[in-house]
Amino acid sequence: MTVVYVSNADSREISVLRLDATGGLTPVAAVPVDGTVMPLAVSPDHRYLYAGLRSEPFSVTAFGIEPTNGRLIGLRSTLLPDNMAYLSTDRTGRYLFGASYSGDQISVQPIAANGTVRPRPDEVIATAPHAHSIVVDPANRFVFVAVLGGDHVLQYRFDAASGRLTPNRPAAVETPLGAGPRHLVFHPSGRVVLACHELDGTVQSYLFDPPIGTLTPAMSSSALPQGFSGSPWVSELRVTPDGRYLYVSERSSDTLAGLRVDGDTGALEPIGHTRTEAQPRGFAIDPSGRFLVAAGQKSHAVTSYAIDPATGALTAVHRRTVGRNPNWVEIIDLPGA
């Protein structure tokens, strides 16, 4: 069984939906939370979901995932060091990473064996303005942070035994001035990292050097549709599980950009744009790579799209209303279904 989780900030709830083999979406539950819910992260074993609350007191709520139907079982809420725009876990599920856009900092917080987040962070590190995402490499040895206001990506060595971060050499890789690096994702090959730039509407690929954990810029491409005018407002990027296609959401034009990506060289080739939900902040791709689900902050709805394996083209399949201000999407296959 494949389950979609959607955080709805203004109605303070998480929508749980079943994604079927045709791309249809069926409601399973609407789970209330105690604040403005935005970033979501799923543990590597798919047993727990972490929901970041961006209203005071800033916290993360840990949920157990029911293995047969994907329903969420509330476990415990834990205070976070700040208002976190992004959450992720390390590859073992023992640490929760956070990046604070408004607080200009990142954090590492231990996760207990029962899936709950411990109250005392192992690390709280100040950054340049607007840290916006934090991800770990496939080997769990290096951590990268996109800092929008600093126009750079920070590079850290990660000690999985202690949860400590140490600046790598060099400590950062610069982006063009005013680009506004926002989100990062590793290509399935493990040799390429992809970043979306919120403020100039571009996508940047990097070659990743696993032995030393550093990034080298490879190629840049626009995520904006032809004839675009106004201010770019790129939000999210995701790669298909087979590594062939990359998609990027752009909120000013309400579009999803598609690009063909090379997992060895980082080469990017635009394949077109798809009109989607109003103000598409978040979207995700299912583990089979057959479907993409996008949420519109202003439309209060999600739409599933079939991904053409030959061309990467998106075809709308099913639209469903969710809560108010849906902004983050995660999709998993249940371990026990």
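**View 1. Thr175 sits in the loop between S15 and S16.** Strands here are DSSP E runs of at least two residues, numbered from the N terminus. This is a predicted model, in which local features need pLDDT of at least 70 and side-chain atom pairs count only at pLDDT 80 or more, while totals for chains, interfaces and linings use all residues. Residues are numbered from 1 along each chain as its sequence is written, and side-chain values use heavy atoms, with hydrogens and water left out. Buried or exposed? Thr175 is buried, with a relative accessible area of 11% (buried is under 20%, exposed over 50%, partly exposed in between, with a 1.4 Å probe and protein chains only). Leaving aside neighbours within four places in sequence, Thr175 is in contact with Asp151, His152, Pro181, His197 and Tyr206 (contact means heavy atoms within 4.5 Å). Met1 is 174 residues from Thr175 in sequence and 40 Å from it in space, C-alpha to C-alpha.

**View 2. Asn168 belongs to strand S15, residues 164-174.** At 7% relative accessible area, Asn168 is buried. Which residues does Asn168 touch, once its neighbours within four places in sequence are left aside? They are Phe142, Gln155, Tyr156, Arg157, Ile212, Gly213 and Thr214.

**View 3. Four strands in the order S8-S9-S10-S11 make an open antiparallel sheet.** Two strands pair if DSSP finds at least two bridges between them. S8 (86-89) and S11 (123-126) are the edge strands; each has a single partner strand, so one side of each has no neighbour in the sheet. Neighbouring strands of this sheet are turned by 15 degrees against each other on average, direction ignored (axes are lines fitted to C-alpha atoms, for helices over the stretch in contact, and angles run from 0 to 180 degrees between N-to-C directions). Zoom in on S8 and S9 (residues 95-100) and you'll find antiparallel pairing over four bridges. Thr89 stands opposite Leu96 in S9.

**View 4. Another open sheet of four strands runs in the order S3-S2-S1-S28, again with antiparallel pairing.** Its edges are S3 (25-32) and S28 (326-333), each pairing on one side only. S1 (residues 2-8) and S2 (residues 13-19) pair in the antiparallel sense over seven bridges. Look for Ser7, whose bridge partner in S2 is Ile14.

**View 5. S6 and S7 form a hairpin with six residues between them.** In the turn, Gly70 has a positive phi of about 80 degrees. S6 (residues 59-65) and S7 (residues 72-79) pair in the antiparallel sense over seven bridges. Val60 has Thr78 in S7 as its bridge partner.

**View 6. The largest pocket has a volume of about 1100 Å³.** On a 1 Å grid over the protein atoms alone, a pocket is an open set of points where a 1.4 Å probe fits, with protein on both sides within 12 Å along at least five of seven lines; lining residues have an atom within 4 Å of a point. Grid points are joined across faces, edges and corners, and the volume is the space filled by probe spheres set on the points. Of the 34 lining residues, the closest to the pocket centre are Val42, Arg91, Val185, Arg238 and Glu330. Elements giving two or more residues to this lining include S4 (37-42), S8, S16 (181-186) and S28. By class, the lining has 22 nonpolar, six polar and six charged residues (Ala, Val, Leu, Ile, Met, Phe, Trp, Tyr, Cys and Pro count as nonpolar, Asp, Glu, Lys and Arg as charged, and the others, Gly among them, as polar).
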